[in-house]
Amino acid sequence: MATLKHLLKAINFAAIRHSGQRRKDSAQTPYINHPVGVMNILSDEGDISDFDVLIGAVLHDTVEDTDTTLDDIESEFGEGIAGIVAEVTDDKSLSKAERKHLQVVNAPHKSYQAKLIKLADKLYNLRDLSREKPVGWTDERVLEYRVWASKVCSGLIGTNDHLENAIKEELQAYNVDFPHSNK
């Protein structure tokens, strides 16, 4: 069973692995702010205290965006955490369009833990887009992201009312339907 000690180890691990990476905002915010922010959304707004979920949240981009492997995660944090991270990790060998499509298709079939992380991740990103458009992004691309995020999150409905309501508020502020109708 994971403890606070394991969570702090994961935060440190993620900080080291993401060192030097930056977000796409004009301030080039340190990337580590994102996974820590996702973890904080889960704890603070989603009322999640499950250390496995919080650890999975802080590690959710390490395999996808660094040279970290799932074997590294399993070795450091165990099979359960590695499984959660695997569920929220895109296969970078696929095209971006295919990865985005698979997130929509696979969202309803994820574990409860992975669904929580997906919701908090999308909420964090949506709020970031509301705060500032990423460097190089057009208004059209921002809208496309919001519509896509709505489609992904529509497959996660029934996971956490607090997070889902926050996503709904964020999307409705930009006239994007949630839940998204795939008709």
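# Close-up views

**View 1. Lys-9 and the face of Phe-77.** In this predicted model, Lys-9 lies over the face of Phe-77, at a distance of 5.4 Å from the ring centre. A charge is taken to sit over a ring if NZ of Lys or CZ of Arg is within 6 Å of the ring centre and within 35 degrees of the ring normal.

View 2. The model has 3 aromatic pairs. Planes over 60 degrees apart count as edge-to-face. Phe-13 belongs to helix α1 (residues 4–17) and Phe-77 to helix α5 (residues 70–77), so the pair ties together parts that are 64 residues apart in sequence. Are these two residues, Phe-13 and Phe-77, buried or exposed? Both Phe-13 and Phe-77 are buried.

**View 3. The ring cluster of Trp-137, Tyr-145 and Trp-148.** Ring pairs link these residues, Trp-137, Tyr-145 and Trp-148, into a cluster. A charge is found at Trp-148: the charged end of Lys-100 sits over the ring of Trp-148, at 3.7 Å from the ring's centre.

View 4. The volume of the largest pocket is about 970 Å³. By residue class, the lining divides into 21 charged, 9 nonpolar and 4 polar residues.

**View 5. The largest nonpolar core.** This core has 50 residues. Which of them have the most contacts inside the core? They are Leu-42, Ile-55, Leu-59, Ile-73, Phe-77 and Ile-167. At least two residues of the core come from each of α1, α2 (33–45), α3 (51–59), α5, α6 (79–87), α8, α9 and α10 (161–172). The element that gives the most to this core is α8, with 9 residues.

View 6. Val-85 is found in helix α6. Val-85 has 0% relative accessibility and therefore counts as buried. Glu-74 lies in helix α5 and is partly exposed, with a relative accessible area of 38%. Glu-74 and Val-85 are 11 residues apart along the chain, and their C-alpha atoms are separated by 9.6 Å. Between Val-85 and Gln-113 the C-alpha separation is 9.7 Å, and these two residues are 28 residues apart along the chain.

**View 7. Ala-97 and Ala-166.** Ala-97 is part of helix α7. Its relative accessible area is 57%, so Ala-97 is exposed. From the C-alpha atom of Ala-97 to that of Ala-166 the separation is 26 Å, and the two residues lie 69 residues apart along the chain.

**View 8. Asp-47, a residue with positive phi.** The phi angle of Asp-47 is positive, about 60°, although Asp-47 is not a glycine. Where does Asp-47 lie? Asp-47 is placed in the loop between α2 and α3. Its relative accessibility is 64%, so Asp-47 counts as exposed.

View 9. Phi of Asn-175 is near 60°, a positive value in a residue other than glycine. With a relative accessible area of 74%, Asn-175 is exposed. Pro-179 also lies in the segment after α10. The peptide bond leading from Phe-178 to Pro-179 is cis, and its omega is near 0°.

How values were computed. Residues are numbered from 1 along each chain as its sequence is written. This is a predicted model: local features need pLDDT of at least 70, side-chain atom pairs count only at pLDDT 80 or more; totals for chains, interfaces and linings use all residues. Side-chain values use heavy atoms; hydrogens and water are left out. Rings of Phe, Tyr and Trp (its six-membered ring) pair if their centres lie within 6.5 Å; planes under 30 degrees apart count as stacked, over 60 as edge-to-face and the rest as tilted. Helices (H or I, at least four residues) and strands (E, at least two) are DSSP runs, numbered from the N terminus. Buried means under 20% relative accessible area, exposed over 50%, partly exposed in between (1.4 Å probe, protein chains only). On a 1 Å grid over the protein atoms alone, a cavity is a set of points where a 1.4 Å probe fits but cannot get out, and a pocket is an open set with protein on both sides within 12 Å along at least five of seven lines; lining residues have an atom within 4 Å of a point. Grid points are joined across faces, edges and corners, and a volume is the space filled by probe spheres set on the points. Ala, Val, Leu, Ile, Met, Phe, Trp, Tyr, Cys and Pro count as nonpolar, Asp, Glu, Lys and Arg as charged, and the others, Gly among them, as polar. A nonpolar core is a set of buried Ala, Val, Leu, Ile, Met, Phe, Trp, Tyr and Cys residues joined through side-chain atoms within 4.5 Å.
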